[in-house]
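Subject: Handover of a protein structure

Dear colleague,

Please find below the structure that I am handing over to you.

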Amino acid sequence: MTEPNPYADGEYTWGPTPGTPPGTSPTGRPGVPEYDFPNPTLADGAPGAAVGYGYPGANPAPGYGYPQSGAPYPVPTGAAGTPLVSIGDITVVGDSIITPSGTLPLRGAVWNATDMSRTEEKIPTHAIILAIVFFIFCLLGLLFLLMKEKTTTGFIQVTVTSGGRHHSTMIPAHHAGTFQMVMGQISYARSLSAM
């Protein structure tokens, strides 16, 4: 990066002016910055500079984490295409619920979830084989029978009813905490429906 841009039109235009001693600005006065930054801060000592983030006395700008109104919780203001929550093939967007069977109104929607999954606990096959092999050599092989394996199978059924229409979806349960995760999404969707 020591050579000028070969594609630039005209003469050499970047960097310090050739022949200027180091430490001086193009104006020739030492201590004056070479580049003019448009937003001076208090650290620069500029008079009338606005108080910024990290400086004492800074008032936080309204934004995330600061309620704009007297509402007990922030009111979602999703644009027409911004999804607020998605549960399976049900998506809440703005003031409506989009499903494959059509669009439902969000206000007054009734949400339900049914856990149709099951979690089984069993001794894996490799633990039984290791217990038999090590039982022959020492009695500690029986400790392999303490190994357990949990498997979750089934679905979580989520239904929504609004405006005289109904839609249901099935979400596969991959682990034991899937139902709690889906219930968290449904409780958020219920709070949106109550607004």
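**Findings**

In this protein, 50% of the contacts with a separation of 6 or more are between residues 24 or more positions apart; contact means heavy atoms within 4.5 Å. The model is a predicted one, in which local features need pLDDT of at least 70 and side-chain atom pairs count only at pLDDT 80 or more, while totals for chains, interfaces and linings use all residues. Residues are numbered from 1 along each chain as its sequence is written, and side-chain values use heavy atoms, with hydrogens and water left out.

**Overall build**

The secondary structure consists of two helices and seven strands. Helices (H or I, at least four residues) and strands (E, at least two) are DSSP runs, numbered from the N terminus. Along the sequence, their pattern reads β-β-β-β-β-α-β-β-α.

The protein exposes about 14300 Å², of which carbon and sulfur atoms supply 62%; accessible areas come from the Shrake-Rupley method with a 1.4 Å probe, and for residues only the protein chains shown count as cover. Of the 195 residues, 19% are buried. Buried means under 20% relative accessible area, exposed over 50%, and partly exposed in between (1.4 Å probe, protein chains only).

Four strands form an open sheet in the order 1-2-3-4, with antiparallel pairing; two strands pair if DSSP finds at least two bridges between them. Strand 1 (83–87) and strand 4 (102–105) are at the edges and have a single partner strand each, so one side of each is left without a neighbour in the sheet. On average, neighbouring strands of this sheet are turned by 20° against each other, direction ignored. Axes are lines fitted to C-alpha atoms, for helices over the stretch in contact, and angles run from 0 to 180 degrees between N-to-C directions.

Strand 1 pairs with strand 2 (residues 90–93) in the antiparallel sense over four bridges, and Ser 86 stands opposite Thr 91 in strand 2. Strand 3 (residues 96–99) pairs with strand 4 in the antiparallel sense, also over four bridges. A hairpin of two residues joins strand 3 to strand 4, and Ser 96 stands opposite Pro 105 in strand 4. Helix 2 (residues 178–193) lies across strand 1 and strand 2, at about 135° to strand 1.

**The nonpolar core**

In soluble globular proteins, nonpolar side chains tend to be buried together. A nonpolar core is a set of buried Ala, Val, Leu, Ile, Met, Phe, Trp, Tyr and Cys residues joined through side-chain atoms within 4.5 Å. The largest one here has 18 residues, and those with the most contacts inside it include Ile 87, Val 92, Trp 111 and Val 182. Strand 1, strand 2, strand 6 (149–162) and helix 2 each supply at least two residues of this core, with the largest share, four residues, coming from helix 2. Leaving aside neighbours within four places in sequence, Val 182 is in contact with Ile 87, Ile 156, Val 158 and Ile 171.

Val 110 lies in strand 5 (residues 110–122) and is partly exposed, with a relative accessible area of 45%. Beyond its neighbours within four places in sequence, Val 110 is in contact with Thr 159, Val 160 and Thr 161.

The structure holds one salt bridge, meaning a side-chain nitrogen of Lys or Arg within 4 Å of a carboxyl oxygen of Asp or Glu. Arg 118 forms this salt bridge with Glu 120, and their closest N and O atoms are 3.0 Å apart. Arg 118 is exposed, with a relative accessible area of 52%, whereas Glu 120 is partly exposed at 37%.

Yours sincerely
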